[in-house]
Amino acid sequence: MLDIDKIRNDFPILHRTVHDKNLVYLDNGATTQKPIQVIEMENNIYRNLNSNIHRGVHYLSGQCTELYENARQTVQQFINAPAREEVIFTAGTTAAINLVAWSFGERFVRNGDEILISEMEHHSNIVPWQLLCDRKGAILKVLPFNDEGDLQLEKLDDLLSERTRIVAVTQISNVLGTINPIDKIIEKAHERDIPVLIDGAQGIQHGGIDVQESDCDFYVFSGHKIYAPTGIGILYSKQKWLEQMPPWQGGGDMIDQVRFAKTTYAPRPLKFEAGTSNYVGAIALGAALNYLTSTGIVDINIHEAKLLDYATKRISEIEGIKFYGTAKHKTSILCFLMDSIHPYDIGMILDKLGIAVRTGHLCADPIMQHYGIEGMVRASFAFYNTFDEVEKLYD
């Protein structure tokens, strides 16, 4: 079992006060806090090793390059990718999805083709595909969910067609907390030779992924959702797609040779890492993943499941509470409204009591439209949260 007191001591921000109250941080779905091991890694790079990677022959550049590529290997092992060359560093989930939507779309999507997403997607897994459809004359199709928050998989076969070029679906809803049956979706799509992108922004820290076992074609996530810095993220892609997709951006580090007549590109993954990358963030992401591995992924998942179960039972005792997202298989996200009180008012009052939650449409307008509401309150839990903090939220 986790030593929660020891873990909380690794996160300096959890010991501060807000409005003269001890901070209760329940906004982990938006961003997670950073352990001292990650903070110190970033600090050490900037203090002692900072130098642009790949291009320098001097000591500092060599050290940063080695740490950067070691971080890529750490990600490869964390998601069980077949090769580290299939791991591309991006600015985050949004950047990774945009990369695929543009680059894959340029090569494989034509007028009249179809893109399939789900009704519960974050805006970052909707808008890039809409831009692709506008650019190429393609059609966006949507797999709906029911009021409990489960995808209506019985409609999937009818939505897939010979014109479907890619399926893009979230692993875990950032609003409903639903853990989607991505293996079934991938299997159905692959029966028709349709590639699948999985948005792992919420999934990577709540259960993780084995990309070989799931057989997904693309997997994306953000570092700041998994206790790493902001501005760094990952695109995993099967080799066959990386070899066929054109570069998304041009510039330094992604080239082989530049001639005015013709430029040739570096092999994967550098082909998709134009310019000076966030190498400090990448190295710190590796430190975050190592921290989680050493803490114990299984024990983290067990603790978060217990937190969700306890919070659901406790908050449901409050008169006038209505939950959104009651799927049987879900993770530690709790969205609710209370009587006719506006979610912003609830969030502001909780803030004065030192409790940080998220309010509003949660970057998922279609979910709000599904339920006919303007917004919700979201309490999202991480492994450093405690049952005492659940009690403070209840109070």
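Visitor: In strand 10, which residue is the bridge partner of T90?
Guide: This is a predicted model, in which local features need pLDDT of at least 70, side-chain atom pairs count only at pLDDT 80 or more, and totals for chains, interfaces and linings use all residues. Residues are numbered from 1 along each chain as its sequence is written, and side-chain values use heavy atoms, leaving out hydrogens and water. Strand 4 and strand 10 (residues 233-237) pair in the antiparallel sense over four bridges, where pairing needs at least two DSSP bridges. In strand 10, T90 has as its bridge partner G233.

Visitor: How many residues apart are E273 and R72?
Guide: Their side chains meet in a salt bridge (2.7 Å, N to O), defined as a side-chain nitrogen of Lys or Arg within 4 Å of a carboxyl oxygen of Asp or Glu. E273 is in the loop between strand 12 (263-265) and helix 10 (279-295), R72 is in helix 3 (residues 59-79), and their separation is 201 residues.

Visitor: Is R72 buried or exposed?
Guide: Buried means under 20% relative accessible area, exposed over 50%, and partly exposed in between (1.4 Å probe, protein chains only). Because R72 has 1% relative accessibility, it counts as buried.

Conventions
Helix = DSSP H or I, 4+ residues; strand = E, 2+ residues; numbered from the N terminus.
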